[in-house]
Amino acid sequence: MYHWFHIFPKNTGLSLYAWIVFCLLPFYFIIRSSTLYEIIVGVAMIMLFFTTYRLSFIKRGWTVYVALSIEMLISVGMTIYFGYVYFALFIAFFIGNLKSRAGFISLYVVHLSTTVIAFTIGSLLENEGFMAQLPFNVLSILGVILLPFTIYHRNRREELESQLKVANERISQLMVVEERQRIARDLHDTLGQKLSLIGLKSDLARKLLKVKPDLAEQELEDINQTSRTALREVREIVSDMRTARLKDEIGHVQALLASSNMTCEISGEGSFKHLPLLIEDVFCMCLKESVTNVVKHSDATTCTIQLENHPNEWRMIVKDDGVGLQHELPVRKKSGLIGMKERLEFVNGELDITSSQGTVLTFAIPRIIYQKEGEVL
């Protein structure tokens, strides 16, 4: 939707006041003419120019090209007869806003050619006023040359940024769907089997209640234990779903390593300020899992955690001086590595594992997928 202020170009390097001056100056050039006829014709041409200029923004199809042709003719006439070349800047701005590459190039060439020809004729015919403002006219010609390309490429950039924003929103939606599916799988695996077991045991206890009360009591005790186990596992899942804070998780990690008689070295904490919540949550879970593996499986004496903030990515490195990775990893450690990789995949992250004089886990998450209003976080 276009408004009246689209008469005045935006983001072209000139203020709104400069464009208002360009709108008022033609009246000055007309009024200084010697005859009433010239004044009437000149004012009529100015009003016709701004009318067609307005129509060129709000219309579509062939009417746009007709309006643009009229504007070019008026601009040529004003340049030759009155020495006013600034209408060419308005046309240059409009051409820069064309989306069709073929239309942009063809109209750019036509407009530049007609403007240069009109400027040359005006210089040859010339009146004193034309020569007096020659430096400004030369700058206007430069504007006609450069302005369309500036506007055209700015619009293309904004269009790509808009597409990127839509893509990022779509990625966020897919992340939410994927996380919901993961939670559904966890709940199914956790509750499905145990609820089925509770149902079977409750049916058996009901049948044994009168025949063998002792066995029925044992079944009821099993039901009680199974339900408590299921409740504890559900609470663990819900606890993992809550967004973790990296600062708090680092404190927990330090306490865990200290209780295991391991030295903890942490660097770069200040570089991870103002992380997006999703990124912080992923880093927290990866840190928790990796340090848990260090404590349980590495036989290390020192664990180093390094946080790095790079222009294109966030990086977390967890290193220990333990026995390194064995060919046959424990099932818990295998599932832990798979879980970390799956969480990193949600945010296009990567996990790199090296094992030489200990184990080094490098978690890298790119910054480019988190963008707001053209600003990369």
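Within helix α7, R156 and E159 lie 3 residues apart and are thus separated by about one helical turn, helices being DSSP runs of H or I of at least four residues, numbered from the N terminus. The side chains of R156 and E159 meet in a salt bridge with an N to O distance of 3.4 Å, a salt bridge being a side-chain nitrogen of Lys or Arg within 4 Å of a carboxyl oxygen of Asp or Glu. E159 is partly exposed, with a relative accessible area of 39%; here buried means under 20% relative accessible area, exposed over 50%, and partly exposed in between, for a 1.4 Å probe and protein chains only. The model is a predicted one, in which local features need pLDDT of at least 70 and side-chain atom pairs count only at pLDDT 80 or more, whereas totals for chains, interfaces and linings use all residues. Residues are numbered from 1 along each chain as its sequence is written, and side-chain values use heavy atoms, with hydrogens and water left out.

A further salt bridge joins the side chains of E158 and R154 at 3.8 Å, N to O. These two residues are 4 residues apart in α7, which spans residues 134-211, and so they too are separated by about one helical turn. E158 counts as partly exposed at 35% relative accessibility, whereas R154, at 13%, counts as buried. An α-helix has 3.6 residues a turn, so residues three or four places apart point the same way.

In total, 5 salt bridges are counted. R315 is partly exposed, with a relative accessible area of 25%.

Helix α10, formed by residues 277-298, has 22 residues and reaches 30 Å from its first C-alpha to its last, close to the 32 Å expected at 1.5 Å a residue, the expected span being 1.5 Å times one less than the number of residues. Because 16 of its 22 residues are buried, α10 is largely enclosed by the rest of the structure. The helix is followed by D299, whose phi is positive, near 55°.
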